[in-house]
Amino acid sequence: MASLEAFVQVMSGTSPSIYCFNPCFSNVNRVFSVQSAVNNVRRRSSVAEKVHSNTRTLRKGLRFNAAEGGSDGVFHGKTGVNRLENMTCKCQQAESGRGVTAEDKNRILFGDEPNRPIPVPHNPITSSPDIDEFKVVQQLKNENGGFTLNGKPPTAGTVQEKLENVRANSIEDEAWSLLQDSVVYYCNNPVGTIAANDSSSTSVLNYDQVFIRDFIPSGIAFLLKGEYDIVRNFILHTLQLQSWEKTMDCYSPGQGLMPASFKVRTVPLDGDDSATEDVLDPDFGEAAIGRVAPVDSDGSCMIDRRMGIHGHPLEIQALFYSALLSAREMLAPEDASADLIQALNNRLVALSFHIKEYYWIDMRKLNEIYRYKTEEYSYDAVNKFNIYPDQIPSWLVQFMPSKGGYLIGNLQPAHMDFRFFSLGNLWSIVSSLATLDQSHAILDLIEAKWDELVADMPLKICYPALEEQEWRIITGSDPKNTPWSYHNGGSWPTLLWQLTVASIKMNRPEIALKAVETAEKRISRDKWPEYYDTKRARFIGKQSRLFQTWSIAGYLVAKLLLANPSAAKILVNEEDSELANAFSSMISASPRRKRGWKKKSFIV
Ligand code: GLC
């Protein structure tokens with residue numbers, strides 16, 4: 001429901017069309033090339049340049065051509081003028097049909113003057129406080145017996161409150177301006193946002209690329225603001241890049257592998273020094289640091305280095321579960337898809353049961369594990385994965401609150417990874433992979449362990465960090481993943497948006513409000529870092545990029561959703577009653593009966 005609704009909205013007539021793309025997608029194995037008389041479509045350093053360049057190009061018109069992809073993986077093509085003029089014409093019609101020219105649009109978005117944060121017109125969602133916003137505030141007041149965002153007694157209309165509002169709004173304005181400035185253009189159309197726009201950094205590495213996963217919060221922010229073009233273009237290009245034939249060393253990944261990122265390169269046009277062409281250059285991991293990209297893109301797991309996440313990490317399970325739900329939504333209920341739908345349902349039931357039942361941990365379960373017998377043999381075994389109680393780490397005894405619980409990071413025979421993975425837990429709430437009770441318990445734990453998980457900047461990517469010998473062995477002494485840094489217990493502001501969706505879904509938005517308020521104290525002053533270090537997130541991360549786009553977009557999505565909680569509907573999956581029933585009947589079934597279920601060919 002959620003994904004389908006958003007997808008249809010983006011891909012269908014509810015958003016303005018740019019016809020230029022149609023011919024290119026009549027065959028996804030085809031690739032296309034754009035030749036423009038001037039180099040115009042790459043992102044520029046200054047806003048003014050961008051406006052100027054885009055305007056100039058639009059006047060000249062674009063020339064598109066569909067052509068076969070070369071073996072080097074770069075789009076090539078020769079101009080077919082008649083057809084191209086046609087498409088240019090259609091593009092212009094699409095723009096003028098809305099009564100706003102691209103030139104106007106750029107002026108609105110970027111402003112006329114460079115280097116000045118331009119307040120972007122607010123989303124109708126936020127600028128007109130609607131019933132939903134009113135409802136949240138009312139609800140918070142009722143629940144907390146009078147409440148303000150900073151936790152102080154309500155002083156509506158005081159100077160202090162007004163000042164705080166102004167400050168929060170100016171951070172939001174700055175964020176919109178920075179987000180617009182991170183937009184990447186291809187064929188004069190917005191196709192994504194670069195990972196970081198950090199001009200102070202001497203080495204850009206691959207942060208000047210459009211990362212598939214990093215674009216998600218940007219895309220949602222744009223959707224919530226009613227800007228669909230960039231999201232549609234991004235989806236179409238990503239889809240097209242998936243069909244790329246690629247070889248890494250001797251290995252050819254299967255069709256459908258998503259790139260981790262892509263870059264728009266502007267290269268001189270063969271045989272014409274005065275002209276350039278834009279090419280889309282995807283990275284499937286062959287250029288990525290540590291060749292980690294396939295892990296990045298396989299379900300967009302947040303933790304991408306050697307952090308001991310092999311096997312069945314929760315993050316991948318939760319994202320995979322969401323992907324299956326989305327796939328099921330998108331399949332038309334017709335005879336030809338019956339088998340697929342059946343297979344999807346089988347997999348959903350099996351995965352859902354496995355995670356809810358075996359990954360869940362709270363005080364009661366922990367005590368049960370503490371008293372486990374090992375080396376059991378029988379269908380009635382209680383300790384099904386032969387977990388040795390000595391594996392319970394000492395930190396967990398302190399960490400586990402009496403009220404609350406969470407899904408552990410990973411589970412394999414004889415091994416439980418007890419780390420708390422934030423994205424996996426939040427996404428289990430959002431996708432209803434966790435039961436309703438479990439979802440509330442996860443939020444209870446986040447509240448109870450606020451100082452450990454949020455402290456001075458939301459939100460730790462995982463808890464706790466691997467330290468000393470464990471860090472040496474598991475990370476291979478990775479200098480970027482030192483304890484409480486980066487993927488090893490670092491704090492990532494982008495996770496604000498998932499925290500917000502999860503808390504809105506569970507009708508507990510006050511959790512997200514508190515986190516946003518914490519972030520607002522320093523995120524803009526600190527220049528929107530990628531991540532923070534130390535146990536309390538006190539330092540900007542050692543190697544953290546500044547002006548990291550998904551930190552900016554994550555904050556914006558959180559703000560937009562808190563202002564209009566009902567908009568979060570497009571992102572959540574309500575509990576599927578059939579899956580919930582299947583789970584309860586499996587739980588209440590006898591061990592023998594459980595064995596019977598196994599025979600039904602559920603694969604996890
Ligand atoms: C870093 C982050 C990763 C992100 C990428 C681009 O590698 O760890 O999560 O996708 O940068 O921003």
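In which loop is the place of Leu459? In this predicted model, Leu459 sits in the loop that runs between helix H17 (450–453) and strand E11 (462–463).

## Cis peptide bonds

The loop that holds Leu459 also brings in a cis peptide bond, which joins Pro458 and Leu459 and has an omega of about 0°. A cis bond is likewise found from Tyr463 to Pro464, where omega is near -10°, and Pro464 belongs to the loop between E11 and helix H18 (468–475). As a background to these two cases, most peptide bonds are trans.

## Residues with positive phi

Most residues other than glycine have a negative phi. Ser432 has a positive value instead, with phi near 65°, and its place is in the loop between helix H15 (422–430) and helix H16 (436–448). Because its relative accessible area is 4%, under the 20% cut-off, Ser432 counts as buried.

Trp528 also has a positive phi, in this case near 55°, and is found in the loop between helix H20 (509–520) and strand E12 (532–533). With a relative accessibility of 0%, Trp528 is therefore classed as buried.

## Surroundings of the ligand

Twelve residues lie around the ligand, and those that come nearest are Arg213, Asp214, Tyr486, His487 and Gln548. By class, this shell is made up of six nonpolar, two polar and four charged residues, and at least three residues are drawn from each of domain 1 (3–291) and domain 2 (314–584).

Oxygen atoms of the ligand take part in several of the polar pairings: a polar side-chain atom of His487 lies 2.7 Å from one such oxygen, an N or O atom in the side chain of Arg213 is 2.9 Å from an oxygen of the ligand, and for Tyr207 the distance from a polar side-chain atom to a ligand oxygen is 3.3 Å. The ligand taken alone would expose 310 Å², of which the protein buries 95%.

Thr238 is part of helix H9, which spans residues 229–242. Is this Thr238 buried or exposed? Thr238 counts as buried, because its relative accessibility is 5% and the cut-off for a buried residue is under 20%. When neighbours within four places in sequence are left aside, Thr238 is in contact with Ile212, Met258 and Phe262.

How values were computed:
Residues are numbered from 1 along each chain as its sequence is written. This is a predicted model: local features need pLDDT of at least 70, side-chain atom pairs count only at pLDDT 80 or more; totals for chains, interfaces and linings use all residues. Side-chain values use heavy atoms; hydrogens and water are left out. A residue is near a molecule or strand if one of its heavy atoms lies within 4 Å of it. A polar contact is a pair of N or O atoms within 3.5 Å; within protein, one must be able to donate a hydrogen and the other to accept it, and residues adjacent in sequence count only if both atoms are side-chain atoms. Accessible areas come from the Shrake-Rupley method with a 1.4 Å probe; for residues, only the protein chains shown count as cover. Ala, Val, Leu, Ile, Met, Phe, Trp, Tyr, Cys and Pro count as nonpolar, Asp, Glu, Lys and Arg as charged, and the others, Gly among them, as polar. Domain bounds come from an automatic or database domain assignment. Helices (H or I, at least four residues) and strands (E, at least two) are DSSP runs, numbered from the N terminus. Buried means under 20% relative accessible area, exposed over 50%, partly exposed in between (1.4 Å probe, protein chains only). Contact means heavy atoms within 4.5 Å.
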